[in-house]
Amino acid sequence: MKKALLYFALGTVLSFLINYFFYSSENIGLDLYYAIAFGFAWGVAYYLDTPNFTLPQKLGLSFVAMGILVLIGALLFNLELAIPSVLKFSTVFVAYYLIASFRANKTLRD
């Protein structure tokens with residue numbers, strides 16, 4: 001769990017800094033929200049990367065996480081601005097498992 005929180009924190013900070021310095025949108029709150037979605041994806045992917053979770057459980061929990069992101073984004077901003085957070089989340093989540101699939105043990109935890 002500690003490493004999952006570390007992945008979340010590092011992903012959030014890195015994403016925010018990249019967005020802030022290279023894309024610099026007008027809304028810092030939105031940049032922070034997207035950065036949190038990015039970090040959340042890394043943290044959740046790392047947390048679920050264990051044999052304790054079956055593939056359907058991983059899929060279901062990732063959909064719950066995306067639903068939480070949309071709900072928070074719709075409450076803070078609007079639905080139109082919340083949808084890109086799901087795209088960021090799902091892209092990172094898929095990338096994590098794609099990278100893991102190239103390893104012999106199919107995990108990035110080791």
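A residue is called buried when its relative accessible area is under 20%, exposed when it is over 50%, and partly exposed in between, using a 1.4 Å probe and counting protein chains only. Take Ser101: at 32% relative accessibility, Ser101 counts as partly exposed.

Before we go on, some ground rules. This is a predicted model, so local features need pLDDT of at least 70 and side-chain atom pairs count only at pLDDT 80 or more, while totals for chains, interfaces and linings use all residues. Residues are numbered from 1 along each chain as its sequence is written, and side-chain values use heavy atoms, with hydrogens and water left out.

Let's stay with Ser101 for a moment. Ser101 sits in helix H4; helices here are DSSP runs (H or I, at least four residues), numbered from the N terminus. Ser101 and Phe40 are 61 residues apart along the chain, and their C-alpha atoms are separated by 21 Å. Helix H4 covers residues 79-101, and at 1.5 Å a residue its 23 residues should span 33 Å; the end C-alpha atoms are 33 Å apart, which agrees. That expected span is 1.5 Å times one less than the number of residues in the helix. Tucked away in H4 are the buried residues Ala82, Ser85, Val86, Phe89, Val92, Phe93, Tyr96 and Ala100. What covers them? The cover includes H1, H2 and helix H3 (55-76), where touching means heavy atoms within 4.5 Å.

Now over to H1. Its 22 residues should span 32 Å at 1.5 Å a residue, and the end C-alpha atoms are 31 Å apart, which agrees. The buried residues of H1 are Ala4, Gly11, Thr12, Ser15, Phe16 and Asn19. They cover an arc of only 120° around the axis, which puts them on the same side of H1; the arc is that of the directions from the helix axis to the C-beta atoms. Helix H2 (28-48) is part of what covers these buried residues. The face of H1 turned away from the buried side carries the exposed residues Lys2, Leu10, Phe21 and Phe22.

With a relative accessible area of 11%, Thr12 is buried. Leaving aside residues up to four places away in sequence, Thr12 touches Ala35, Ile36 and Gly39. Thr12 and Ala37 are 25 residues apart in sequence, yet 7.5 Å apart in space, C-alpha to C-alpha.

Step along to Val13, also in helix H1, and you find a residue that counts as partly exposed, at 48% relative accessibility. Val13 is 23 residues from Ile36 in sequence and 8.3 Å from Ile36 in space, C-alpha to C-alpha.

Val13 also belongs to a nonpolar patch on the surface, together with Leu14, Leu17, Ile18, Tyr20, Phe21, Phe22, Tyr23 and Ile28, with about 980 Å² of accessible area together. Patches are made of residues with over 30% relative accessible area and no salt bridge: like charges are joined within 9 Å, and nonpolar side chains (Val, Leu, Ile, Met, Phe, Trp, Tyr) within 5 Å. A salt bridge is a side-chain nitrogen of Lys or Arg within 4 Å of a carboxyl oxygen of Asp or Glu, and accessible areas come from the Shrake-Rupley method with a 1.4 Å probe, with only the protein chains shown counting as cover for residues. Helix H1 (residues 2-23) gives the largest share of the patch, eight residues. Leu17, for example, is partly exposed, with a relative accessible area of 40%.

How values were computed:
Helices (H or I, at least four residues) and strands (E, at least two) are DSSP runs, numbered from the N terminus.
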